[in-house]
Amino acid sequence: MTPSSLSPTAWPTTLLAGQRYAVCGLGRNGAAVVQALLSMGATVQAWDDNKPELPTPLASHPRLTLAPLTDLTSMEALILSPGIPHHLPKPHPTALLAQAQHVPILSDAELLWQVVRKAGSQARFVSITGTNGKSTTTALLTHILTQAGIPACCGGNFGTASLALPPLGDDGVYVIEMSSYMLERLKNYHACASALLNLTPDHLDRHGSMQGYLDAKAHVFDNMTKGDLAILGENASWAEALRQQLEARDITVQTLAITQAVPEVEAPFLPGQHNAQNIETCRAIARHLGLPEEKINQGIKSFSGLDHRLQLVAQANGINFINDSKATNAEASFHALRAFPASLWIAGGAAKEGGIASLAPLLGHIRRAFLIGQDAPMLADTLAAHGVPFEISETLEQATRAAWAFAQAQEALPILLSPACASFDQFRNFEERGTTFATLARHLCAEEPC
């Protein structure tokens, strides 16, 4: 197949003709899977226990049946939305049905790999996983590739659902962010390069233990062979055992040991040591894909960062407003606080288990904290125990205005929104929280000469 033999916008409409698929869960991912399967000629039966309807025109498609999934024997596979368990803590009844009827339970990333190969394309796949940093690494690598003239697109757990990505020819690269949920549902998917960035406790109810979580994440290296590249983002105990397993399969392994941030001149919008890990991961994979150093460096320098991830959203009078609303747990905020030796910190919301106790080594970076949301008192107790000045502002607007006033009157420090908490107590999601902060920041800056 030649690089241009597929349409840049659409898959062949008969690619999956005659095949039947079941889709359970009709959220963002499930609805995209249904639409993609129908566009390729498949017949689909779909259902969602809580939302058994789809927006038009999908609901009226002649090859779509919206009905409970009670018999899967004629199906090629069951595509189970990532949030629906097939094992722990309790398997969904449709997953049990698929297992009993010997029907594969797949993620849409696996389906993407299958349709790419079925269409005749030898486009390469890259997989990125880890507890934190997946989205930035995925987006940065895609940016480096596209800036170098290589057809590339990204999706999966970040942005566009995997199966909704466009066709790429032989010279293309799919960069897929993989959650542990997606990785448990692969079959033939084969990446030429994969990265497991880091591993800290997360989703343990779903995986049972840290070992179960690691086992799920390690599926990112499934089906890899000699000539492929495996990146382990930390020189940690979990990484050493995995390195030995991968090398026994004759896979090239590169283990990173990052000790300092990348100079600002080289990566102006990627501050902090954690972003150095993301950058070096992308460097290694880009080299593996054949890019020269000059192109790699150009891509890193021109990358403007992701929304809500240590994003500079406004500045005035020497004061920078940094939107890190994506930091919904203490681990993510740890990286943000480490990136700024001194800051005015806006935090709070719906705290995760353990609150911000794990941030103790970096609380000295905080000149003053402005706490919001339902669990502000919990965070206040931790800060008080470590002698960190704080005030409870309750709302994000009050906190932002108070931090701005303090920065003007006392010290022109960065105002860092890195909540270390979920947003659902006051906002629909972290995106809405970050957008609200950015709007407030720009409004405040507009009142001052920039």
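I'll start from a single pair of residues. Ala230 has Val253, in strand E11, as its bridge partner. Keep in mind that this is a predicted model.

That bridge belongs to the pairing of strand E10, residues 229-232, with E11, which is parallel and runs over 4 bridges.

Now the sheet around that pair. The sheet is open and has 6 strands, in the order E7-E8-E6-E9-E10-E11, with parallel pairing. Which strands are at the edges? They are E7, residues 152-156, and E11, residues 252-255, and each of them pairs on one side only. On average, neighbouring strands of this sheet are turned by 15° against each other, if direction is ignored.

Next, the helices. Helix H8, residues 237-248, lies across E9, E10 and E11. Its angle to E10 is about 170°. Helix H9, residues 273-288, lies across E6, E9, E10 and E11, and H9 runs at about 175° to E10.

How many residues line it? There are 20, and those closest to the pocket centre are Glu264, Pro268, Phe269, Pro271 and Phe340.

By class, the lining has 13 nonpolar, 5 polar and 2 charged residues. Two strands contribute at least two lining residues each: E12, residues 311-316, and E13, residues 319-323.

That is the end of my part.

Notes
Residues are numbered from 1 along each chain as its sequence is written. This is a predicted model: local features need pLDDT of at least 70, side-chain atom pairs count only at pLDDT 80 or more; totals for chains, interfaces and linings use all residues. Side-chain values use heavy atoms; hydrogens and water are left out. Two strands pair if DSSP finds at least two bridges between them. Axes are lines fitted to C-alpha atoms, for helices over the stretch in contact, and angles run from 0 to 180 degrees between N-to-C directions. Contact means heavy atoms within 4.5 Å. On a 1 Å grid over the protein atoms alone, a cavity is a set of points where a 1.4 Å probe fits but cannot get out, and a pocket is an open set with protein on both sides within 12 Å along at least five of seven lines; lining residues have an atom within 4 Å of a point. Ala, Val, Leu, Ile, Met, Phe, Trp, Tyr, Cys and Pro count as nonpolar, Asp, Glu, Lys and Arg as charged, and the others, Gly among them, as polar.
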